[in-house]
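Here are my notes on the model you sent. They are set out as numbered points, to be read alongside the coordinates.

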Amino acid sequence: MGRGRRKRAKDGGLWITYGLLITIVLVSAFPLYWSVVVSSRDKSSVGRYPPPLVPGGNLWDNLSTAFVQGKFGLALLNSTLVAGSITLSVVLTSTLAGFAFAKLRFRGRNALFTMVVATMLVPTQLAIIPLYIMVTQWFGWSNDLRGVIVPALVSAFGVFFMRQYLTSAMPDELIEAGRVDGASTLRIYWSLVLPIARPGAAVLGLLIFITYWNDLFWPLILLNTQNPTVQVAIANTASGIEVDYSLVLAGTVIATFPILIVFLILGRQIIGGIMQGAVKG
Amino acid sequence: MTRGVQRSRDRLPWRSRLHRLDLTVSPYLYISPFFLLFAVFGLFPLAYTAIISTTAWSPRKPGSADVSVGLDNYRTLLTDENFHNALINTLGIGLVSTVPQLLLALGIAHLLNYRLRGRLVLRMGVLVPYVTSVAAVALIFNQMFARDFGLLNWLLQPFVDSPVDWRADSWSSWIAVSVMVMWHWTGYNALIYLAAMQTIPYDLYESASIDGASKWQQFWHITVPSLRPTIIFTVIVSTIGALQLFAEPFLFDTTRNNNGGSERQFQTIVLYLYQQFWTNGRYGYGAAIAWTLFLITVIIAAINFVLTRRIRSSD
């Protein structure tokens with residue numbers, strides 16, 4: 001990247017740049033560090049002045065209490081199921097539709113794609129009441145993971161993202177060649193498009209997984225305290241009159257650190273995806 | 001592939017008909033999963049919300065689903081002080097969180113655009129808050145903003161007479177909620193700006209500096225105008241996000257009656273919608289709030305679009 005096109009800061013300026021950026025990174029990381037500090041202390045030290053700034057020895061106690069009281073074991077499993085199945089479905093349906101919009105000719109293509117883009121603007125909250133009625137009363141999925149998963153199986157953003165990706169990544173000649181060889185469209189999709197789409201699909205998958213791992217609004221409405229996702233579980237531990245903040249923040253540690261580890265491993269791809277989507281969007 | 005060709009050579013008309021069918025029909029097959037599911041779980045609820053908003057539906061009153069009240073729910077909204085309050089809170093928090101956030105993001109992107117060692121680590125560090133869930137952000141900051149023994153009040157101790165009760169006043173609760181939003185989204189927006197900055201040709205800066213333009217002038221007269229489409233994009237996306245603010249005020253309110261503070265200081269529109277729909281079981285009224293919110297969103301997005309377009313383009 002860059003190839004000498006980007007500006008180079010000179011001498012003193014460089015140190016100021018580093019200083020500012022490191023400060024910003026510390027500010028970004030501090031609240032998470034602090035959630036570890038509080039969740040590694042006992043209840044009494046949370047109410048002490050000055051507040052503790054280094055971790056104590058109670059981390060494992062608090063984590064295991066959170067697991068038992070807040071049902072965090074089940075919650076982690078539920079969140080994995082929810083975010084995992086939504087991710088699979090969104091990636092598959094978005095790649096299919098993105099391929100059609102990017103590379104196939106059909107009547108109404110532009111109008112339909114405009115519709116996809118327009119639907120990205122519709123807020124989910126707008127549909128919350130009918131969605132609740134449909135899912136709980138018509139389908140009977142109250143307190144059921146299916147109610148969280150099924151409405152999210154497709155994503156307008158996903159279709160948009162994969163169309164943009166395939167438009168530039170997939171050469172038309174390759175499809176022509178496939179046609180000359182007598183391959184059906186499905187065959188072309190399976191053997192030519194999917195392998196080329198893989199990097200884009202991986203980035204989309206990561207973004208979708210993060211989004212649904214972190215989603216609170218809809219699962220909070222649909223799931224009760226006995227069958228939570230991790231976000232619902234941490235919201236639950238924070239409700240009530242006497243809130244034990246070392247337990248609450250132990251919950252945030254449980255909800256945040258799995259996804260943070262994924263991010264640390266795949267950060268380059270996630271950043272690439274956000275930046276790529278931005279330039280084209 | 002070749003085996004299939006050989007087998008069907010003797011019935012070519014059938015095969016070519018199949019081929020034509022494949023060309024015309026399969027695009028629709030491929031986009032159909034999206035449109036089918038979107039119709040059921042996106043479009044239909046949208047229309048159904050409009051219908052519900054004209055009824056007095058409450059699950060606590062049997063038969064109320066069929067009682068039509070026309071536009072009464074909307075008329076009530078016009079005079080509902082709690083709704084006005086929620087609207088003002090939403091717009092206020094939106095301004096306090098979005099404007100500094102995007103300016104800060106622009107600055108951070110500018111810094112990240114220098115040729116630096118360890119830039120991947122720096123970018124990841126800036127993006128860490130984005131990966132953290134809104135619920136976790138809200139709960140962590142809740143603790144930092146606590147009146148007694150909160151980290152922030154401890155830091156402010158030398159500057160104020162008595163600890164700030166962040167939840168008690170409009171201004172302080174708006175700041176607290178905005179800080180959560182800013183912490184969460186600034187890095188994400190910075191990366192979006194950074195991506196756009198990297199497409200600006202270096203020659204532009206070179207010729208500007210030959211003409212004697214300072215770094216600051218270059219930033220205002222080259223960088224910002226070149227980012228115009230991206231700035232419009234981020235302004236509109238953040239505005240829509242700000243109008244839908246829910247989890248932060250929901251979790252900041254420790255009483256959990258969804259009032260958004262004792263005097264509804266930080267009750268946002270979606271929190272009010274949630275309260276009417278969930279706590280009070282007023283489906284009809286909640287649906288009217290939802291549609292009104294949608295209209296407000298469209299209007300504000302349009303205003304933003306027109307305003308941000310006025311940033312001078314570089315070409």
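This is a predicted model: local features need pLDDT of at least 70, side-chain atom pairs count only at pLDDT 80 or more; totals for chains, interfaces and linings use all residues.

1. In chain A, 73% of the contacts with a separation of 6 or more are between residues 24 or more positions apart.

2. The secondary structure of chain A consists of 13 helices and zero strands. Read along the sequence, the pattern is accordingly α-α-α-α-α-α-α-α-α-α-α-α-α. The C-alpha trace of chain A spans about 75 × 65 × 30 Å along its principal axes.

3. On burial and surface: chain A has 281 residues, and 53% of them are buried. Its accessible surface comes to about 12500 Å². Carbon and sulfur atoms hold 64% of that surface.

4. Next, the interface. Chain B and chain A bury about 9600 Å² between them, and 76% of this area is on carbon and sulfur atoms. On the chain B side, the residues that lose the most area to chain A are B:Tyr30, B:Phe41 and B:Arg115. Together these three account for 9% of what that side buries.

5. How many residues does each chain bring to the contact? Chain A supplies 104 residues and chain B supplies 93 residues.

6. Polar contact, with both residues at pLDDT 80 or more, is found for 10 residue pairs. Helix H2 of chain B (residues 12-52) gives the largest share of the side that touches chain A, with 22 residues. By residue class, the side of chain B that touches chain A has 69 nonpolar, 17 polar and seven charged residues.

7. One residue of chain B can be taken as a local example. B:Ala208 lies in helix H9 of chain B, which covers residues 202-210. Is B:Ala208 buried or exposed? B:Ala208 counts as buried because its relative accessible area is 14%, and the cut-off for buried is under 20%.

8. Leaving aside residues up to four places away in sequence, B:Ala208 touches B:Ala213, B:Gln218 and B:Ile222. For a sense of distance within chain B, B:Ala208 and B:Tyr48 are 160 residues apart in sequence. In space, the C-alpha atoms of B:Ala208 and B:Tyr48 are 57 Å apart.

Technical notes:
Residues are numbered from 1 along each chain as its sequence is written. Chains are lettered from A and ligands numbered from 1 in the order in which they are written. Side-chain values use heavy atoms; hydrogens and water are left out. Contact means heavy atoms within 4.5 Å. Buried area is the accessible area (1.4 Å probe) that two parts lose on being put together, summed over both. A polar contact is a pair of N or O atoms within 3.5 Å; within protein, one must be able to donate a hydrogen and the other to accept it, and residues adjacent in sequence count only if both atoms are side-chain atoms. Helices (H or I, at least four residues) and strands (E, at least two) are DSSP runs, numbered from the N terminus. Ala, Val, Leu, Ile, Met, Phe, Trp, Tyr, Cys and Pro count as nonpolar, Asp, Glu, Lys and Arg as charged, and the others, Gly among them, as polar. Buried means under 20% relative accessible area, exposed over 50%, partly exposed in between (1.4 Å probe, protein chains only). Accessible areas come from the Shrake-Rupley method with a 1.4 Å probe; for residues, only the protein chains shown count as cover.
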